[in-house]
Amino acid sequence: MIRLPGLPPLPHPSHAGWPAFLMAFLLRKDRRLRQGWRVLLFLMAWFLLGPLISTPVGLIFNGRQISEWITPLLAGLVTLLVSWAFLALEGRPITSLGLLLNRRWVRQLLGGLLGGLLLAGLPALFLASLGGIHWHVSEAHVIPAILSGLLLAGTQAFSQEIFARGYIFQRLIAGVGRWPAQIIVALGFLLMHGLAPTATGLPRLLDLLALALMSLMLGEAWLRGRSLALPLGLHAGWSFAQCTLMGFAISGHHAPGLFLPTPNPAFHPWLTGGASGFEASLPGLAVASLALLLLLLGNRRLRQTQAPDWDETTRIF
């Protein structure tokens, strides 16, 4: 037998033969493809299909300006299409991603939207009460700004959550377990968002911490009901409140908002978020940490009575 890190015991090629070794390396005992290979094949298909969608869109618009929400919507649809294909090969419905659209799903989505608004709004109002931030009304038109902000926040949340908390996340949980999967996806979440271009030192570290906390919180939100509704709502509400309602930057990137925030220069950047935006401020991090803690406590009680009915735990390879 051959023992390699992260792999189950494999038959020795000189005794069992190379075909038996390769079959054990690729397939589990039940002759199903190991979780790690599923993830790698999914990523390959996703990267190959992306240009097939983006190239025709680029030719259609050909230099013309397109709405900001179109790109994340197309990216989300590509991920959904690849997910559907892989789930079909496994004999699973697309609803197994957490897309069972019923009344419970809608309630979770609306609850997540409210939670996201509170996650961004409560620490901002707290800091404003201390004089750390002052707001001025922007010149943006209210109705168009709200509609475009909802579209952008919703499509960005859809694109990122269907990728980060969809097929890959679920296969990683089945392969390596809950916390390793959370850590791997959190690292990918950092790459998806990028960092504030002008953030250095402590603000940069806080920016990293904010994104990691948000990823862990959204992962626990998925685990809460094995549904994308709650993480979708939290993500969209959090982005909409920060950008459209309060005018903050997210990871250093600005979008038109109804109000323009002006941080008090007497307050340290780590209190107001500085170049990284309010998500990397101390009050914002405190509220995100509290939300993560509440989800962890709630999920711990839930797991005591909830059996894993969607896949058995196996090694990633």
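Visitor: Where is isoleucine 94 found?

Guide: In this predicted model, isoleucine 94 lies in the loop between α4 (70–90) and α5.

Visitor: Is isoleucine 94 buried, partly exposed or exposed?

Guide: A residue counts as partly exposed when its relative accessible area falls between the 20% limit for buried and the 50% limit for exposed. Isoleucine 94 has 27% relative accessibility, and therefore counts as partly exposed.

Visitor: Which residues does isoleucine 94 touch, not counting residues up to four places away in sequence?

Guide: With those sequence neighbours set aside, isoleucine 94 is in contact with Leu80, Ser83, Trp84, Leu87 and Leu99. For tryptophan 84, the separation from isoleucine 94 is ten residues in sequence and 5.6 Å in space, taken from C-alpha to C-alpha.

Visitor: How are two packed helices described?

Guide: Such a pair is described by the angle between the two axes and by the distance between them. In this structure, α5 and α10 pack at an angle of about 35°, and their axes are 6 Å apart. Their crossing is right-handed.

Visitor: Which residues in α5 and α10 meet?

Guide: The α5 side includes Trp105, Gln108, Leu109 and Gly112. On the α10 side, the residues include Ala229, Leu230, Trp238 and Gln242. By class, the residues of this contact divide into 15 nonpolar, seven polar and no charged.

Visitor: How many cavities of 30 Å³ or more does the count give?

Guide: The count gives one cavity of 30 Å³ or more. The largest cavity has a volume of about 120 Å³.

Visitor: Which residues line the largest cavity?

Guide: Its lining consists of Leu119, Ala120, Ala210, Met214, Trp238, Gln242, Phe278, Glu279, Gly284, Leu285 and Ala288. These lining residues divide into eight nonpolar, two polar and one charged.

Visitor: Which helix supplies the largest share of that lining?

Guide: The largest share, three residues, comes from α12. At least two lining residues are supplied by each of α5 (103–129), α9 (201–225), α10 (229–245) and α12 (282–303). The helix pair discussed above also returns here: Leu119 and Ala120 in α5 meet residues in α10, including Trp238 and Gln242, at the helix contact, and these four residues are among those lining the largest cavity.

Conventions: Residues are numbered from 1 along each chain as its sequence is written. This is a predicted model: local features need pLDDT of at least 70, side-chain atom pairs count only at pLDDT 80 or more; totals for chains, interfaces and linings use all residues. Side-chain values use heavy atoms; hydrogens and water are left out. On a 1 Å grid over the protein atoms alone, a cavity is a set of points where a 1.4 Å probe fits but cannot get out, and a pocket is an open set with protein on both sides within 12 Å along at least five of seven lines; lining residues have an atom within 4 Å of a point. Grid points are joined across faces, edges and corners, and a volume is the space filled by probe spheres set on the points. Helices (H or I, at least four residues) and strands (E, at least two) are DSSP runs, numbered from the N terminus. Ala, Val, Leu, Ile, Met, Phe, Trp, Tyr, Cys and Pro count as nonpolar, Asp, Glu, Lys and Arg as charged, and the others, Gly among them, as polar. Axes are lines fitted to C-alpha atoms, for helices over the stretch in contact, and angles run from 0 to 180 degrees between N-to-C directions. A crossing is left-handed if the near helix is turned anticlockwise from the far one by less than a right angle, and right-handed if clockwise. Contact means heavy atoms within 4.5 Å. Buried means under 20% relative accessible area, exposed over 50%, partly exposed in between (1.4 Å probe, protein chains only).
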